[in-house]
Number of protein chains: 4
Amino acid sequence: MANSKYEYVKKFELDDTLLPASWLVVRIDGRSFHSFTFDHGYQRPNDDRGIGLMNECAKRVLEEFSDITFAIGMSDEYSFVLRPTTDLFDRRESKISSVMVSYFASCFVYYWKDYFGDVPLKNPPTFDCRIVCYPTTQCIRDYISWRQADAHINNLYNTTFWSLVNSGVPNKEAETMLKGTFAKDKNEILFTKFGINYSKEGAIYRKGSILYREKVDVKVKEKPDGTPVYRKQSKVILCHEDVIQDKFWNEHPTLLEVNW
Amino acid sequence: MANSKYEYVKKFELDDTLLPASWLVVRIDGRSFHSFTFDHGYQRPNDDRGIGLMNECAKRVLEEFSDITFAIGMSDEYSFVLRPTTDLFDRRESKISSVMVSYFASCFVYYWKDYFGDVPLKNPPTFDCRIVCYPTTQCIRDYISWRQADAHINNLYNTTFWSLVNSGVPNKEAETMLKGTFAKDKNEILFTKFGINYSKEGAIYRKGSILYREKVDVKVKEKPDGTPVYRKQSKVILCHEDVIQDKFWNEHPTLLEVNW
Amino acid sequence: MANSKYEYVKKFELDDTLLPASWLVVRIDGRSFHSFTFDHGYQRPNDDRGIGLMNECAKRVLEEFSDITFAIGMSDEYSFVLRPTTDLFDRRESKISSVMVSYFASCFVYYWKDYFGDVPLKNPPTFDCRIVCYPTTQCIRDYISWRQADAHINNLYNTTFWSLVNSGVPNKEAETMLKGTFAKDKNEILFTKFGINYSKEGAIYRKGSILYREKVDVKVKEKPDGTPVYRKQSKVILCHEDVIQDKFWNEHPTLLEVNW
Amino acid sequence: MANSKYEYVKKFELDDTLLPASWLVVRIDGRSFHSFTFDHGYQRPNDDRGIGLMNECAKRVLEEFSDITFAIGMSDEYSFVLRPTTDLFDRRESKISSVMVSYFASCFVYYWKDYFGDVPLKNPPTFDCRIVCYPTTQCIRDYISWRQADAHINNLYNTTFWSLVNSGVPNKEAETMLKGTFAKDKNEILFTKFGINYSKEGAIYRKGSILYREKVDVKVKEKPDGTPVYRKQSKVILCHEDVIQDKFWNEHPTLLEVNW
């Protein structure tokens, strides 16, 4: 049963190396999460357990792949940013994509009970994933801004929609009421009808979640006299800051720095 | 916070449609499964729990994606074959690949305890995935043969290697003994040293696992007089037959049939 | 001036190997040939000099690249078919495409005067080129049929249009008259207004031009007694036959035959 | 003869859009120019007619495609640089590549006699072409440096080699003499044996040819009193300057400037 006569089929595996020196975004999206979240009783407009689990999975991905410099997530999606200098898996697209999305998915099941406790996971979830190349730092900044602006737009809509629905307005009617409205209209509805000042809502909902690495002092041992000994360690930080304005980036200048 | 100024970044998502009318193979491989199986105490050379779990995941994938006509798996890998006529996710490579591999991975965690019982899953596993196009039915037959021939080669090696090691031969020495040997040499070692007739070993180890769909009669109800009423339903079948020779394909002529 | 520090830029040349074992079509199209043919006084609807020159260029391409098994051309385009077995330039897409289109273009200028005599070539022409993979022989047959059916449709339209225009109907009015007409309407116009039986028009206009290779007996020398000595040689044949029906292919069974 | 049943074959034309916002290099290379130049009696190491013709073709390409900002050529190759902002042919790779290389090739034949006079062009030349994306301005500068450094290395070698051969050293022996030598060794040979100070050789040979666009004052008419009226026009400039050092780029700051 010699294998050599069949090995020619390996030649059909075409090269899928991503353009060197470009930024890479690996974006993961939940598949059919509308019904998944419904089936599992997610709260509307936001479910803290669900957000916590997504952030846990994303944090694990960052810890597993040190070439990721930054991540931003909201709802059922997460975008991971790899530096232009990365040579992870020789920059093979399918390898990077499949390894990250499968790890994210298996983390989701693995850590489910840490966030949902007794709520049973009824079926294994699925995610899709794509990789996009961005040539310049400006592009990658704009990509990140795009996702955060989208998070805002969706969350403002959802907050208004579910406030209406939770107050007794039928879904269809709430939809109709919001059709064609601007941000200020939704802010107005929230404030006058429900006493909600949207800008005071939690940043975790309005801004999404940001993950990045920071060198922090970690106490590694104590001297005999009890003096603590610290060492710099890289740690994944979770925050919900604005990443559209320059402030965050000025405070974390190394995140999008490129050193060849 | 208008989003429109950032939306240009969507244009960087390039089209990755796979060639129409070609067979697609989606191959999933465990990442770092050497250490994963060691950490979880897999038996050598084959662990029935591990094989059962892989087959369970693969079966779920077939049930989820009806465009898969056939699958073959062994060790920590599985190949899924989609017909040339498939239009699943508009044949977008990253979509098909990521959805299947993430579902496989989350099934692996989800069904772990059904196969490993009290053995705790220490960490979420990862899989990589690639898609390969094959233009002709001959190519896809040869691809399948390649995997099954490989399964045989690896299992014969592993069976011999672990028989030696389990009998007290140090790993390094067993490796040296097997270097450069042919199939008949390994068969000889197995028979003379361990009384093992390799061809009598379980087909599940020698041939790997095959999944395909078959129309079977399923009893759907009973008439008032007790006569059972059957209906044809598509069911995923697991077997361990030889798929290199023509016999299997002659018996299942529709599996690789292409109807436009 | 060491070069090594810059050589990293070579790594940006990504692999563009075409899928093995698939048929390749290399299609060349004249760029801006509407104005090119106008500037050079081409006759309407068909210019025999222009057709002759296109066929000359295509024939030269076949003679240069023996992996081309068949070609079909009409108007300012030509499609070259390469067998699935071809390993020309290691199946690199940009290499095959650029070499063929540049040779076609330089032939066009080189042989211009052989067809247009004293008519000066006012400017160097340009062609675009793309390569398309087709997995099966049925696909490639359908591709060829598509081009010949298109040749027919366009030529019937052009013949009718220019008959009207040449008889004094203004261009715009001729366009309007033909808008939404069917083949039988155009045949009717041609017959009743101009006495033209379209099906009697030259096959070169109705069917386009076909090139393929045939083994023919070529007299290579004479014996001392004057007996000619023949040897089989491969020769490029030009014809204008129907290649949609099976007849042509039954008569030339080797053209689309695949021998691995 | 309805065409619709065949039109499905158009779906096999896959999208080949190049990454937005990246620099594009279109590199054209003569195919088999070793024998082409031999057959046409090119002088060694450099033939001014041949260089002139290559530069003529490249200049025509720049005049035809205003999105090209810069070009560098040497021997039988030319690289054309397109800005990241270009939307030429919707950035379709095969379109850009084929149109440019076919135009270059047809120019080569068209302008041949302007440079080679009575020397007949024995056969139509062929060029290959590839497109490479570069994400950053640093990359594109390094690409340009790579080509110019290569031009220097090759020309120093060729100058030394042909000086030896033209002085009577057999080809094989000249090759052996130069194997493993450094730049300084070749400079030494040139100076001591042939009295050639390599750094005084023509920049056109040492640096290759550079093409770029410049706004220049062009006299468009005269006023009645005879005062000339000038207007800024874009003109293609040919030079042979060093483009590895910063000087050239400081003097032409707009060439690699990116304005979104």
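Predicted model: local features only at pLDDT ≥ 70, side-chain atom pairs only at ≥ 80, totals over all residues.
Let's start with how the chains relate.

How do chains A and C meet? Through the same surface, because 100% of the interface residues of chain A are also interface residues in chain C.

Now take chain B. A rotation of 180°, with 0.0 Å of shift along its axis, puts chain B on chain A at an RMSD of 0.1 Å. Here too the same surface serves both copies, with 100% of the contact residues of chain B recurring in chain A.

Next, chains C and D. Look at helix α3, residues 93-110, in each of these chains. The two helix axes come within 8 Å and cross at roughly 35°. The crossing of α3(C) with α3(D) is right-handed. Who makes the contact? From α3(C), the residues are Ser98(C), Val101(C), Ser102(C), Ala105(C), Ser106(C), Val109(C) and Tyr110(C). From α3(D), they are Ser98(D), Val101(D), Ser102(D), Ala105(D), Ser106(D), Val109(D) and Tyr110(D). What classes of residue are these? The contact of α3(C) with α3(D) has 8 nonpolar residues, 6 polar ones and no charged ones.

Stay in chain D and look at the sheet. It is open, with 6 strands in the order β4-β1-β3-β2-β5-β6, and the pairing is antiparallel. Which strands stand at the edges? In chain D they are β4 (127-134) and β6 (228-239). Each has a single partner strand, so one side of each is left without a neighbour in the sheet. Neighbouring strands of this sheet are turned by 25° against each other on average, direction ignored.

Zoom in on one pair. Strand β2 (residues 68-74) and strand β3 (residues 77-82) of chain D run antiparallel and are joined by 6 bridges. Met74(D) has its bridge partner in β3(D), namely Glu77(D).

Over to chain A. Its sheet is open as well: 6 strands, ordered β4-β1-β3-β2-β5-β6, with antiparallel pairing. The edge strands of chain A are β4 (127-134) and β6, each pairing on one side only. From one strand to the next, the twist averages 25°.

Two pairs in chain A deserve a look. Strand β1 (residues 23-30) and strand β3 (residues 77-82) are antiparallel, with 6 bridges between them. There, Arg27(A) has Ser79(A) of β3(A) as its bridge partner. Strand β5 (residues 209-222) and strand β6 (residues 228-239) also pair antiparallel, over 12 bridges. In that pair, Arg213(A) is bridged to Val236(A) of β6(A). β5(A) and β6(A) form a hairpin with 5 residues between them. In the turn sits Gly226(A), with a positive phi of about 90°.

Helix α3 (residues 93-110) of chain A lies across β1, β2 (68-74), β3 and β4 of chain A, at about 140° to β4(A).

Now some backbone details. Most residues other than glycine have a negative phi, and most peptide bonds are trans. Where are the exceptions? The peptide bond from Arg44(A) to Pro45(A) is cis, with omega near 0°. Pro45(A) is in the loop between α1 (33-39) and α2 (48-64) of chain A. In chain D, the bond from Arg44(D) to Pro45(D) is cis too, with omega near 0°.

Ala21(C) has a phi near 65° and sits in the segment before β1 (23-30) of chain C. Ser75(C) has a phi of about 50° and lies in the loop between β2 (68-74) and β3 (77-82) of chain C. Buried or exposed? Ala21(C) counts as buried, at 6% relative accessibility. Ser75(C) counts as exposed, at 64%.

Last stop, chain B. Leu190(B) lies in helix α7 (residues 183-194). Leu190(B) is buried, with a relative accessible area of 0%. Beyond its neighbours within four places in sequence, Leu190(B) is in contact with several residues, among them Leu156(B), Thr160(B), Ile196(B) and Tyr198(B).

Terms used: Residues numbered from 1 in each chain as written. Chains lettered and ligands numbered in written order. Heavy atoms only, no water. Contact = heavy atoms within 4.5 Å. Least-squares fit on C-alpha atoms with pLDDT ≥ 70 in both. Axes fitted to C-alpha atoms, helices over the stretch in contact; angles between N-to-C directions. Helix = DSSP H or I, 4+ residues; strand = E, 2+ residues; numbered from the N terminus. Left-handed = near helix turned anticlockwise from the far one by under 90°. Nonpolar A, V, L, I, M, F, W, Y, C, P; charged D, E, K, R; others polar. Buried < 20%, exposed > 50% of the residue type's maximum accessible area, 1.4 Å probe, protein only. Pairing = 2+ DSSP bridges.
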